[in-house]
Amino acid sequence: MTITKTMAGLSAAAAVLACGAVVNASPAAASGVPTGTAALPKCPLVFGHGGYPEGANGWAKDQVRQPNNLRGVDDQKAWGANGVEADVQLTKEGTKAVMWHNTTTNGLTGGQQKITDIWWAYGAGNLNSRRINRGPYKGEGVYSLRQWLDHVRSRGLIALLEIKPETKSILSDSRYAAQAWKEISDPIKERQGSQRIMVYSTDSWIQGELAKRHPTLLKGAAARWTDSVRWNEPAPSWSGNASQWKAVLDQAPQSVMTNYTKEYRAWLRGRCQ
């Protein structure tokens with residue numbers, strides 16, 4: 001795929017939003033969308049996110065729904081996402097930037113360890129040899145940042161990277177910082193000319209470093225969170241989000257982020273264009 005074709009595809013994604021069908025009751029039909037309304041606002045870009053159980057012992061209920069793997073990315077594309085939010089962790093001594101949400105290998109085969117304590121491809125129990133052991137993506141592996149970005153680009157999606165707080169212990173360590181930042185920054189720099197990539201972190205120190213290293217790629221106000229339902233397992237109904245979805249849409253955001261990509265797409269039908 002050439003740079004021109006890739007960027008054209010992303011531009012088209014930003015201009016034309018397709019609304020997908022929802023199995024069982026349609027959120028659009030169930031919520032009484034008015035018909036015949038004129039001058040509908042522009043639909044926001046939709047970023048797919050994977051729900052993680054809130055509250056005590058959320059790790060024990062986690063079904064590893066985050067689109068950090070290739071099947072997760074493919075699902076988000078099929079559900080109508082324009083972009084995907086995923087999580088960047090670092091393996092031991094910052095030797096590999098990998099796509100994984102959890103602090104530990106919880107949700108993967110093998111013994112439980114901190115991601116920052118194991119190697120990518122060296123030694124018994126290395127991260128590359130493990131597989132997701134539950135949830136909709138059971139059997140999938142863990143991917144490097146480069147692998148994930150390439151797959152997202154092949155699907156014509158925008159990449160939104162959260163650099164997880166757990167990486168701070170390595171990124172701020174003078175022994176490993178140079179290598180660790182190269183692992184995160186180089187794949188982004190190599191692709192940003194042909195792929196739309198945004199970055200952010202919930203850790204203020206990492207966010208400050210990202211502002212220095214990737215000032216034009218910061219998430220900022222993009223991909224505004226739009227759900228109000230607290231995620232749990234089994235997954236709560238989408239319908240509890242309806243009021244918040246409307247309140248956010250009324251503010252004409254350019255892009256939103258949701259755990260309910262497919263349902264949100266259907267809900268948008270008739271409310272924007």
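User: How much space lies in the largest pocket?

Analyst: About 290 Å³ of space lies in the largest pocket of this predicted model. A pocket is an open set of points on a 1 Å grid over the protein atoms alone, with protein on both sides within 12 Å along at least five of seven lines. Grid points are joined across faces, edges and corners, and a volume is the space filled by probe spheres set on the points.

User: Which residues lie nearest its centre?

Analyst: Arg65, Trp79, Trp231, Asn259 and Glu263 do, out of 17 lining residues; lining residues have an atom within 4 Å of a point. Helix 4 (70–78) and helix 10 are the elements that give two or more residues to this lining, and helix 10 gives the most, with three. Helices are DSSP runs of H or I with at least four residues, and strands are runs of E with at least two, numbered from the N terminus.

User: How does the lining of the largest pocket divide by class, and what counts as each?

Analyst: It has seven nonpolar, six polar and four charged residues. Ala, Val, Leu, Ile, Met, Phe, Trp, Tyr, Cys and Pro count as nonpolar, Asp, Glu, Lys and Arg as charged, and the others, Gly among them, as polar.

User: Changing topic, which cysteines does a disulfide join?

Analyst: Cys43 and Cys272 are joined, with an S to S distance of 1.9 Å; a disulfide is a pair of cysteine sulfur atoms within 2.5 Å. Cys43 lies in the loop between helix 2 (27–30) and strand 1 (45–48) and Cys272 in the segment after helix 10 (261–268), so the pair ties together parts that are 229 residues apart in sequence.

User: Is Cys43 buried or exposed?

Analyst: Cys43 is buried, at 6% relative accessibility. Buried means under 20% relative accessible area, exposed over 50%, and partly exposed in between (1.4 Å probe, protein chains only).

User: Anything to know about how the values were made?

Analyst: Residues are numbered from 1 along each chain as its sequence is written, and side-chain values use heavy atoms, with hydrogens and water left out. In this predicted model, local features need pLDDT of at least 70 and side-chain atom pairs count only at pLDDT 80 or more, while totals for chains, interfaces and linings use all residues.

Conventions
On a 1 Å grid over the protein atoms alone, a cavity is a set of points where a 1.4 Å probe fits but cannot get out, and a pocket is an open set with protein on both sides within 12 Å along at least five of seven lines; lining residues have an atom within 4 Å of a point.
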